[in-house]
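Please look over the sequence and the model shown below before reading on. The paragraphs that follow lead from a single residue to the whole chain.

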Amino acid sequence: MADKSSAPKPQRPTIRDVSRLAGVSFKTVSRVINNQPYVSADKRDRVRTVMAEIGFQPSQAARALAGHRSHQIALICDNPNPWYVFEVQAGVRERCEREGVRMIAQPYDRASPTLFDDIVALIDQAHPDGLVLTPPACDDRQVMDELARRRIPFVRLQPGAAIAGVPGSAIDNEAAAYDMTAYLIGLSHVRIGFVVGERSYATSGQRLAGYRRALAEAAIPDDPACVRQGAFDFGSGKAAADALLDLPDPPTAIFAASDDMAAGVLVAAHRRGIAVPAKLSVAGFDDAPLAQLVWPPLTTIHQPVRRLAVEATDLLFGEAKGVRCLAHALVVRESTSPPPGLTDSTAT
């Protein structure tokens with residue numbers, strides 16, 4: 001992965017800038033870019049002058065998108081977390097607006113047997129010029145093969161395995177989960193539960209791998225009983241926590257692969273009268289607003305969801321390939337501390 005940085009990149013001039021400065025419509029700029037007719041000599045000269053003055057250089061991908069009929073980008077999104085969906089939509093829409101293109105959002109049910117047919121129907125009806133695929137659709141080979149067959153550009157947000165020539169954006173989920181687990185180990189926890197995310201998401205496996213790598217490097221046994229399946233939602237987090245806390249030797253810390261699941265862990269602990277973090281440390285993943293609304297506020301991994309969406313969409317209008325990897329951050333709040341019987345001074 002490349003471009004591993006959280007610093008904002010300078011924005012290159014867009015077709016929206018050209019349109020505004022030249023005082024013409026997006027369609028007119030598009031026609032000038034593609035050397036199409038029905039543009040007066042005066043407007044053509046104004047557009048070309050502005051392009052030269054601001055250094056606007058339309059890429060081959062941008063030319064292809066501009067030459068299509070719909071001027072629409074489709075976002076295919078499925079996630080149980082409304083905040084995550086909102087952030088992705090906001091990021092895609094922000095980048096589309098700078099290019100003078102409309103975003104259409106298509107929610108879908110990942111478990112639907114008609115998923116592929118539904119996406120194909122969207123393409124046939126809306127004729128989008130490109131697609132932004134989020135998990136798990138971004139790892140659906142049938143969907144990607146169909147888009148490639150139709151020669152419709154697409155990008156992948158938080159993909160699993162990289163595919164040569166297919167652009168996208170992501171954080172290093174394995175490294176992020178490793179960092180959180182290593183942090184808990186640094187507090188002297190050796191019995192750490194982990195709540196895995198939705199099975200169909202590649203990020204779930206990546207985060208589980210990071211958790212296991214941190215345990216292995218610390219020579220802590222990887223007890224299968226300490227790993228419970230979740231679904232990225234509150235209910236599954238609570239159920240997983242109940243199972244973990246029912247163990248004969250329950251964990252002193254539970255790391256859930258999303259903040260929603262971590263909130264479920266907190267409720268399970270509170271209902272049992274288990275003080276957090278004095279008796280049980282709880283950590284999440286996302287740094288959603290929820291992380292600061294629960295009590296105690298969650299220690300979590302910050303992932304820049306909106307920027308990931310902006311970067312993925314930017315690749316749709318550019319020529320870069322590969323995956324842009326953005327930085328994550330460990331955010332320490334009041335939900336974690338050394339295990340019972342230890343103080344900060346005795347934690348390693």
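In which loop does Val166 lie? Val166 is found in the loop between β4 and β5, where helices (H or I, at least four residues) and strands (E, at least two) are DSSP runs, numbered from the N terminus. This is a predicted model, in which local features need pLDDT of at least 70 and side-chain atom pairs count only at pLDDT 80 or more, while totals for chains, interfaces and linings use all residues. Residues are numbered from 1 along each chain as its sequence is written, and side-chain values use heavy atoms, with hydrogens and water left out.

With a relative accessibility of 13%, Val166 counts as buried, a term that means under 20% relative accessible area, whereas exposed means over 50% and partly exposed lies in between (1.4 Å probe, protein chains only). Leaving aside residues up to four places away in sequence, Val166 touches Phe154, Arg156 and Gly322, contact being defined as heavy atoms within 4.5 Å. Val166 and Val155 are eleven residues apart in sequence, and their C-alpha atoms are 6.6 Å apart in space.

The loop between β4 (154-157) and β5 (168-171) also holds Gln158, which has a positive phi of about 55 degrees although it is not a glycine. Is Gln158 buried or exposed? Gln158 is buried, since its relative accessible area is 2%. Ala219, in the loop between α9 and β7 (227-229), is likewise a residue other than glycine with a positive phi, here near 60 degrees, but Ala219 counts as exposed, because its relative accessibility is 67%.

Two peptide bonds deserve a look as well. A cis peptide bond joins Pro135 and Pro136, with omega at about -5 degrees, and Pro136 is placed in the loop between β3 (130-133) and α7 (141-150). The bond from Val276 to Pro277 is cis too, with omega near 10 degrees, and Pro277 belongs to the loop between α11 (259-271) and β9 (281-283).

The axes of helix α8 (residues 173-186) and helix α9 (residues 202-217) come within 7 Å and cross at roughly 40 degrees; axes are lines fitted to C-alpha atoms, for helices over the stretch in contact, and angles run from 0 to 180 degrees between N-to-C directions. That angle makes α8 oblique to α9, because angles under 35 degrees count as roughly parallel, over 145 as roughly antiparallel, 65 to 115 as roughly perpendicular and the rest as oblique. Among the residues that make this contact are Ala175, Tyr178 and Ile185 of α8 and Gln206, Arg213 and Leu215 of α9.

Helix α1 (residues 15-22) and helix α2 (residues 26-33) pack at an angle of about 110 degrees, with their axes 9 Å apart, and these two helices are therefore roughly perpendicular to each other. Their contact is made by Ile15, Arg16, Val18 and Ser19 of α1 together with Phe26, Val29, Ser30 and Ile33 of α2.

Finally, the view widens to the whole chain. The protein contains 13 helices and twelve strands, and of its 348 residues 55% count as buried. Among contacts between residues at least 6 apart in sequence, 73% join residues at least 24 apart.
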